Amino acid sequence: MDKAGVIKFHHCGKDIYCFFVPEYCPVCRESLSSRTRRLEEAPVSIPNPFINGHKVTSSFLVKPTKGTFLREYDGSSDLHVGITCTKGVVYNYNEAGVCRDEHGWEQSVSIPLVQPDMYSLINQWDRYLEQFSSTDMWDPQRYEEHEHNCYTYTLTFINCLLATQGKRQLTKSDFTEKFVLPRTRRASRYITLYQEISHKSFYIVDSSQREEDSYV
């Protein structure tokens, strides 16, 4: 089981991140229960950027190829991507061809691909995804780690949908810069916090660093 989510509170001119608010301030050792806190010192939860990919629909997912983000990921490990159907099954492409995973994506970065009011596309989503995944293009023997991989599969599907709507195609750079990097950067900051707290119980920074090193 992963630990509880990250909490931040302010004390002694520091922003203090932890999994639970301690009885005493780790900086000055003052009791945190014996004084009335000002509003700016109240604990706040840091939003967890990871979701259970099997509980989201019509979304692009990112997870480590092995392990999970909060336990094993070191910032440079390989990542794997996939797309969910409306039932939470994750379609993804690897050396075995197209896999339809019903578990294993419980800690993912998620990027929704469909607006809630796009009823026609939502109704056809599973059929499009299944038909696309069944073509010879995604046979196991065609897999190539760098040129014909999981990212190729997901982006090609997204571009096929854009084409049916008469919209501009996305290059890998376009999609990565606009949609993937903003979320993975936030996830990376959260991982840093989580791992520091796991090792040291607290992560403490000067409040003056808030603007340039914000985790919220």
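**A helix and a sheet**

Mentor: Start with H3, which bends by about 50° at Val180, with a proline, Pro182, following within four residues. The bend is the angle between axes fitted to the seven residues ending at a residue and the seven starting there. Helices (H or I, at least four residues) and strands (E, at least two) are DSSP runs, numbered from the N terminus.

Trainee: OK, is this predicted or what, and how do I read the numbers?
Mentor: This is a predicted model, where local features need pLDDT of at least 70 and side-chain atom pairs count only at pLDDT 80 or more, while totals for chains, interfaces and linings use all residues. Residues are numbered from 1 along each chain as its sequence is written, and side-chain values use heavy atoms, leaving out hydrogens and water.

Trainee: Which residues of H3 are buried?
Mentor: Phe175, Thr176, Val180, Ala187, Tyr190, Ile191, Leu193, Tyr194 and Ile197. Buried means under 20% relative accessible area (1.4 Å probe, protein chains only).

Trainee: And what comes after H3?
Mentor: Ser201, with a positive phi near 75°.

Trainee: Switching topic, what order do the five strands of the open sheet take?
Mentor: E7-E6-E5-E4-E8, with antiparallel pairing. Two strands count as paired if DSSP finds at least two bridges between them.

Trainee: Which ones stand at the edges?
Mentor: E7 (97-101) and E8 (109-112); each has a single partner strand, so one side of each lacks a neighbour in the sheet.

Trainee: How many bridges between E6 and E7?
Mentor: Five, with E6 covering residues 90-94. In that pairing, Asn94 has Gly97 of E7 as its bridge partner.

Key:
Buried < 20%, exposed > 50% of the residue type's maximum accessible area, 1.4 Å probe, protein only.
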